[in-house]
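Q: Please take one part of this structure and go through it closely, with its surroundings included. Give the cut-off for each term as it comes up.

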Amino acid sequence: MEPTLKVINALSDPTRYSIYQFVLKKRSEVSVQEVANEFHIHPNVARLHLSKLEDVKVISSELNKTGKGGRPARLYKSSEQVVELSFPHREYKLLSNILLEAINKMKLADAGLLKDIGREYGKRIIENILKNMNKTKDQLTFNEKLSVLASVSTVDGYCIETLETTDKNELDYHVYNCPFRELIHHSADVCEMHVAYIHGLFEALFDDFDINQQETMLHDCSECIYHVKVAKVAN
């Protein structure tokens, strides 16, 4: 199965997606028992969910060898390995620096070139996923759209928190592990491109939405947070 679809399938289960969010926000190692206690499920069920998340490489694990004897416990944490889709990640740092320098010298950054590219990349990634699913965005429910969005977001260490209101679907979009962290102080244009990329992701899924950035790593915050309001539509 195509890697992106494997991630989608793994995160399509609501409990498993909630467990992933729990591990991601914890930012430290968690045990099977901690997950079982948090979600009121049997440890064997928790272990199965964690194993499926590890299979698609959004989390990783290691044995906790205390040297005290007995069977060591397996501890889980959000993965440091980036799952490659089609958007450039950290392995392109040198190339990114060269291209940024070239763009700045050509005076093209002021014309919004990077923002346009970022937005189009975001849209293209979602459109390719929908094509593989043989679906259009209008055929998906809000929760299914979140699942598609989560399949892209989790590979970069993002986290979606849904906040329900009467007339809007609201969510907080957290970026814990920015794939461009090493570049943002080299050029602020990188941040603008990344924000445009996130806009592109939402634009390919929702017709009516509003995004407001509340925190940013560019100002030395520990994470970037975007508050998103999506107009509700009948499914």
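A: Helices (H or I, at least four residues) and strands (E, at least two) are DSSP runs, numbered from the N terminus. The model is predicted, so local features need pLDDT of at least 70 and side-chain atom pairs count only at pLDDT 80 or more, while totals for chains, interfaces and linings use all residues. Residues are numbered from 1 along each chain as its sequence is written, and side-chain values use heavy atoms, with hydrogens and water left out.

Ala46, His49, Leu50 and Leu53 of H4 are buried; buried means under 20% relative accessible area, exposed over 50% and partly exposed in between (1.4 Å probe, protein chains only). These four lie on the same side of H4 because they cover an arc of only 95° around the axis, where the arc is that of the directions from the helix axis to the C-beta atoms. Just after H4, Lys57 has a positive phi of about 70°.

Lys123 counts as buried because its relative accessibility is 17%. Not counting residues up to four places away in sequence, it touches Gly200, Leu201, Glu203 and Ala204; contact means heavy atoms within 4.5 Å.

One of these contacts is also a salt bridge, that is, a side-chain nitrogen of Lys or Arg within 4 Å of a carboxyl oxygen of Asp or Glu. The side chain of Lys123 meets that of Glu203 at 3.7 Å, N to O. This pair links distant parts of the chain, with Glu203 in helix H8 (residues 189-203) and Lys123 in H6, 80 residues apart. Glu203 counts as partly exposed because its relative accessibility is 24%.

Arg119 and Glu120 form a salt bridge at 3.0 Å, N to O. Relative accessibility is 30% for Arg119, so this residue counts as partly exposed; Glu120, at 35%, therefore counts as partly exposed too. Arg119, Glu120, Lys123 and Glu203 are linked in a network of salt bridges.

The whole structure holds four salt bridges. One of them joins Lys137 and Asp207, at 2.7 Å, N to O. This pair, too, links distant parts of the chain: Lys137 is in the loop between H6 and helix H7 (142-153), Asp207 is in the loop between H8 and strand S6 (209-215), and 70 residues separate them. Asp207 counts as exposed because its relative accessibility is 65%.

Ala204, a contact of Lys123, sits in the loop between H8 and S6. Ala204 is buried because its relative accessible area is 8%. Leaving aside neighbours within four places in sequence, Ala204 is in contact with Lys123, Ile126, Glu127, Leu130 and Lys137. Ala204 and Gly122 are 82 residues apart in sequence but 7.8 Å apart in space, C-alpha to C-alpha.

A nonpolar core is a set of buried Ala, Val, Leu, Ile, Met, Phe, Trp, Tyr and Cys residues joined through side-chain atoms within 4.5 Å. The largest such core has 29 residues, and Ile126, Tyr173, Ile198 and Phe202 touch the most other members. Helix H1 (3-11), H6, H7, strand S5 (168-175), H8 and strand S7 (224-231) each supply at least two residues of this core. H7 gives the most, with five residues. Apart from this core lies another, of 21 residues, among them Tyr17, Phe22, Val23 and Leu53. Leu53 is also one of the buried residues of H4.

Last, an open sheet. Three strands form it in the order S1-S3-S2, and the pairing is antiparallel; two strands pair if DSSP finds at least two bridges between them. Strand S1 (30-31) and strand S2 (59-64) are the edge strands, each pairing on one side only. S1 pairs with strand S3 (residues 73-78) over two bridges, and Val30 stands opposite Tyr76 in S3.
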